[in-house]
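Let's take a walk through this chain together. Have the sequence and the 3D view side by side as you read.

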Amino acid sequence: MIAMLRFDPLFRDLDRLTQQLWGNPVGTATRPAVMPMDVWREGDKFVVELDLPGIKPDSIDVTVDQGALTVRAERPYAGDEGHDWVAAERPHGVFSRQLFLGDQLDTEHVGADYTDGVLRLTVPVAEAAKPRKIAIQSGAAQQAISA
């Protein structure tokens, strides 16, 4: 299973309002912006898609440490140099998302692909956690087991 940190929608809306009132939505190293995400299961793997439009692939960092998968990315702020801003709504700065992976997932074989501004991670289910068929003994074999 994948566990995600969930936030109260009221606080998320309040955070958006604050960002709109105080300027650009900017993520900092101490308070990174959250990237939108979808997660679903496809057979023996979980798929995680994160929206990172305009992020250069070399600024994306994906790590797994003690069952926590962390995605970190950065989009530098262009600044005010020579611009007469009319609107500035696109988030800039540091983006981060952390997922806690259960023991049933194979963290050694996480895959990552970044195409068209979407980072797609695939996390396979560990072999030990997959359903398996148990052989049933009968007749003489059963007597040998119970004796």
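Is Glu 49 buried, partly exposed or exposed? With a relative accessibility of 24%, Glu 49 counts as partly exposed, where buried means under 20% relative accessible area, exposed means over 50%, and partly exposed is in between (1.4 Å probe, protein chains only). Before going further, a word on ground rules: this is a predicted model, so local features need pLDDT of at least 70 and side-chain atom pairs count only at pLDDT 80 or more, while totals for chains, interfaces and linings use all residues. Residues are numbered from 1 along each chain as its sequence is written, and side-chain values use heavy atoms, with hydrogens and water left out.

Now the overall layout. The chain has two helices and nine strands, these being DSSP runs numbered from the N terminus (helices are H or I with at least four residues, strands are E with at least two). Follow the sequence and you read off the pattern β-α-β-β-β-β-β-β-β-β-α. Of the 147 residues in the chain, 24% are buried. The accessible surface is about 10700 Å², and carbon and sulfur atoms own 53% of that; the areas come from the Shrake-Rupley method with a 1.4 Å probe, and for residues only the protein chains shown count as cover. As for contacts (heavy atoms within 4.5 Å), take those with a separation of 6 or more: 58% of them are between residues 24 or more positions apart.

The side chain of Glu 49 meets that of Arg 120 in a salt bridge, 3.4 Å from N to O; the term covers a side-chain nitrogen of Lys or Arg within 4 Å of a carboxyl oxygen of Asp or Glu. This pair ties together distant parts of the chain, with Glu 49 in strand E4 (residues 45-51) and Arg 120 in strand E9, 71 residues apart. Arg 120 is itself partly exposed, at 31% relative accessibility. Glu 42 also forms a salt bridge with Arg 120, and here the closest N and O atoms are 3.7 Å apart. That is another link between distant parts of the chain: Glu 42 sits in strand E3 (residues 37-42), 78 residues away from Arg 120 in E9.

Strand E8 (residues 111-115) and strand E9 (residues 118-124) run antiparallel and are joined by five bridges; two strands pair if DSSP finds at least two bridges between them. Two residues lie between E8 and E9, and in the turn Asp 116 has a positive phi of about 55°. Gly 111, in strand E8, is partly exposed at 22% relative accessible area. Its C-alpha atom is 6.7 Å from that of Val 123, twelve residues along the chain. Leaving out neighbours within four places in sequence, Gly 111 is in contact with Arg 120, Leu 121 and Thr 122.

There is a second hairpin to look at. Strand E5 (residues 61-65) and strand E6 (residues 68-75) are also antiparallel, with five bridges between them. Two residues separate the strands, and Gln 66 takes a positive phi near 50°. Thr 63 stands opposite Thr 70 in E6. The side chain of Thr 70 makes a 3.0 Å polar contact with that of Gln 98 (a pair of N or O atoms within 3.5 Å; within protein, one must be able to donate a hydrogen and the other to accept it, and residues adjacent in sequence count only if both atoms are side-chain atoms).

Finally, go inside. The largest nonpolar core has 20 residues, and those with the most contacts inside it are Leu 50, Leu 52, Leu 69, Val 71, Leu 119 and Leu 121. Such a core is a set of buried Ala, Val, Leu, Ile, Met, Phe, Trp, Tyr and Cys residues joined through side-chain atoms within 4.5 Å. E4, E6, strand E7 (92-101) and E9 each give two or more residues to this core.
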